[in-house]
Amino acid sequence: MSSTPGASRRTVIDLAREDARHREHTQTDTGHLLLAVLAATDEPVVRALAERNVTAEQVRDAVVERWAVGVTDGKPWRLPVPDGELPPFSLLAGESVRRAAHAVGDGSADVRPVDLLAAMAAETDSRSLAATVLRALSAPVADR
């Protein structure tokens, strides 16, 4: 998949779900969405992370570390994903996509990766994987 600024919502969603399938996860969670947003290499995403004093590499490492110890958006699906199908979204991932699409406000099917990043980062009370990673990495160094 090409990395182009302004990648469409469909592209980011497809990339997230493909990543979940590749990792043999039974659901696509906000961690997959966050990695897909980073893969879009969208300049506004890079700026939004820089404003938080966070790098894409730090985010990637934190997501993978949490998956390694079993942290996800909640209970993963217990059923295996049938061959050729993509893992469904976790409830929190689906909600993040819905909020990002709503932010566009024009009924468009396209949402910029930065809109999805903003939707996940705005979840200040959420326990989603993406929100906890972004909060932890954005905290002052003394608080980490």
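Predicted model: local features only at pLDDT ≥ 70, side-chain atom pairs only at ≥ 80, totals over all residues.
The charged end of arginine 17 sits over the ring of phenylalanine 89, 5.6 Å from the ring centre. I counted a charge as over a ring if NZ of Lys or CZ of Arg is within 6 Å of the ring centre and within 35 degrees of the ring normal.

Conventions, for the record. Residues are numbered from 1 along each chain as its sequence is written, and side-chain values use heavy atoms, without hydrogens and water. Local features need pLDDT of at least 70 and side-chain atom pairs count only at pLDDT 80 or more, while totals for chains, interfaces and linings use all residues.

I then looked up the fold. The protein chain has 7 helices and 0 strands; helices (H or I, at least four residues) and strands (E, at least two) are DSSP runs, numbered from the N terminus. Of the 144 residues, 38% count as buried. Buried means under 20% relative accessible area, exposed over 50%, partly exposed in between (1.4 Å probe, protein chains only). Residues 24 or more positions apart account for 72% of the contacts with a separation of 6 or more, contact meaning heavy atoms within 4.5 Å.

Next, glutamate 18. I found glutamate 18 in helix α1, partly exposed at a relative accessible area of 36%. Glutamate 18 and proline 87 are 69 residues apart in sequence and 8.2 Å apart in space, C-alpha to C-alpha.

I went on to helix α5 (residues 91–104). Its buried residues are Ala93, Ser96, Val97 and Ala100. They cover an arc of only 95° around the axis, which puts them on the same side of α5; the arc is that of the directions from the helix axis to the C-beta atoms. On the other side of α5, I noted Leu91 and His102 as exposed.

For helix α6 (residues 113–121), 8 of the 9 residues are buried, so α6 is largely enclosed by the rest of the structure. Among the buried residues are Pro113, Asp115 and Leu116.

Last, the core. I took a nonpolar core as a set of buried Ala, Val, Leu, Ile, Met, Phe, Trp, Tyr and Cys residues joined through side-chain atoms within 4.5 Å. Of the 31 residues in the largest nonpolar core, Leu34, Leu49, Val59, Val63, Leu116 and Val133 touch the most other members. The elements giving two or more residues to this core are α1, α2, α3, α4, α5, α6 and α7. Leaving aside neighbours within four places in sequence, I list valine 63 in contact with Gly31, Leu34, Leu35, Leu129 and Val133.
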